[in-house]
Amino acid sequence: MPALPEGVRHLPGYLDRAAQEALLEDIRAVVADAPLYVPAMPRTGKEMSVRMTNCGPLGWVTDKESGYRYQATHPATGRPWPPIPEALMRIWHDVAGYPLAPEACLVNFYTAEAKMGQHQDRDEADFAAPVVSVSLGDDCLFRVGGPRRQDKTVSLRLQSGDVLVLGGTSRLAFHGVDRIYPDTSTLLKNGGRINLTLRRVTARNGI
Ligand code: SIN
Ligand code: MN
């Protein structure tokens with residue numbers, strides 16, 4: 001496999017099976033409070049194939065009318081997002097190399113057919129903190145490039161329990177999920193993949 005771009009760190013098997021099961025329970029509780037919903041693209045209103053929810057003081061949402069943004073409440077229930085589980089906070093503090101806590105955790109649920117097009121995470125006010133992602137359930141084919149869409153990309157397989165960090169010169173790297181490999185994990189009873197993306201949203205100086 002070609003080398004990963006500088007600033008991309010793949011930590012395979014970061015969580016063992018017991019830790020994955022415990023985290024999955026935490027995420028089930030998050031979803032019970034803040035149900036998965038269908039995100040839609042700005043302007044066109046085209047529905048994405050992943051289902052989303054969030055935990056943390058802020059959540060990333062998108063819809064036809066208002067586009068990509070962070071907000072403190074669930075778009076359907078109007079309630080604040082539930083807190084980020086302690087296990088995820090520990091992962092962040094272990095790998096992020098950033099002194100402040102994450103403010104948002106996006107929960108993406110992929111069925112066997114779902115995918116995510118190449119995009120940058122750039123709705124945050126400060127890019128000094130990395131993006132930290134945790135995978136649970138079925139494997140996926142993840143592809144990451146550079147800060148320009150035309151930069152060459154590298155593909156890697158993410159498995160249940162893997163952690164991936166996009167930081168430094170790769171904080172604004174284009175990335176996406178080309179496919180899910182069904183039936184590659186027994187963690188989720190009905191299959192599929194969960195990705196948890198931790199981010200710092202506001203700038204350190206509060207602006
Ligand atoms: C994302 O970029 O929001 C998700 C990435 C992933 O599912 O691994
Ligand atoms: Mn992303």
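A word on conventions before the ligand. The model is predicted, so local features need pLDDT of at least 70 and side-chain atom pairs count only at pLDDT 80 or more, while totals for chains, interfaces and linings use all residues. Residues are numbered from 1 along each chain as its sequence is written, chains are lettered from A and ligands numbered from 1 in the order in which they are written, and side-chain values use heavy atoms, with hydrogens and water left out.

Let me begin with ligand 1. The residues around ligand 1 are Leu 106, Asn 108, Tyr 110, Met 116, His 119, Phe 142, His 175, Val 177, Arg 193 and Asn 195, where a residue is near a molecule if one of its heavy atoms lies within 4 Å of it. Which elements give two or more residues to that shell? They are strands E5 (104–110), E6 (116–119), E11 (175–181) and E12 (193–199), and E5 gives the most, with three residues. Strands here are DSSP runs of at least two residues (E), helices are runs of at least four (H or I), and both are numbered from the N terminus.

For the side chain of Asn 195, the corresponding separation from a ligand oxygen is 3.3 Å. Of the 260 Å² of accessible area that ligand 1 has on its own, the protein covers 96%, with areas from the Shrake-Rupley method and a 1.4 Å probe.

Asn 195 lies in strand E12 and counts as buried at 6% relative accessibility, the cut-offs being under 20% for buried, over 50% for exposed and partly exposed in between (1.4 Å probe, protein chains only). The side chain of Asn 195 is also joined to that of Thr 197 by a polar contact of 2.8 Å. A polar contact is a pair of N or O atoms within 3.5 Å; within protein, one must be able to donate a hydrogen and the other to accept it, and residues adjacent in sequence count only if both atoms are side-chain atoms.

Another buried side chain is that of His 74, at 2% relative accessibility, in the loop between strand E4 (69–71) and helix H2 (86–95). A polar atom of the His 74 side chain lies 2.8 Å from the backbone oxygen of Pro 35, and the His 74 side chain reaches the backbone nitrogen of Ala 76 at 2.9 Å.

Now the cysteines. The structure holds zero disulfides. Cys 55 is buried at 0% relative accessible area, and Cys 105 is likewise buried at 0%.

Finally, the backbone. Most residues other than glycine have a negative phi. Arg 43, however, has a positive phi of about 70 degrees; Arg 43 sits in the loop between helix H1 (17–33) and strand E2 (51–55) and is exposed at 73%. Asp 183 has a positive phi near 60 degrees, lies in the loop between E11 and E12, and is exposed at 74%.

Terms used:
A disulfide is a pair of cysteine sulfur atoms within 2.5 Å.
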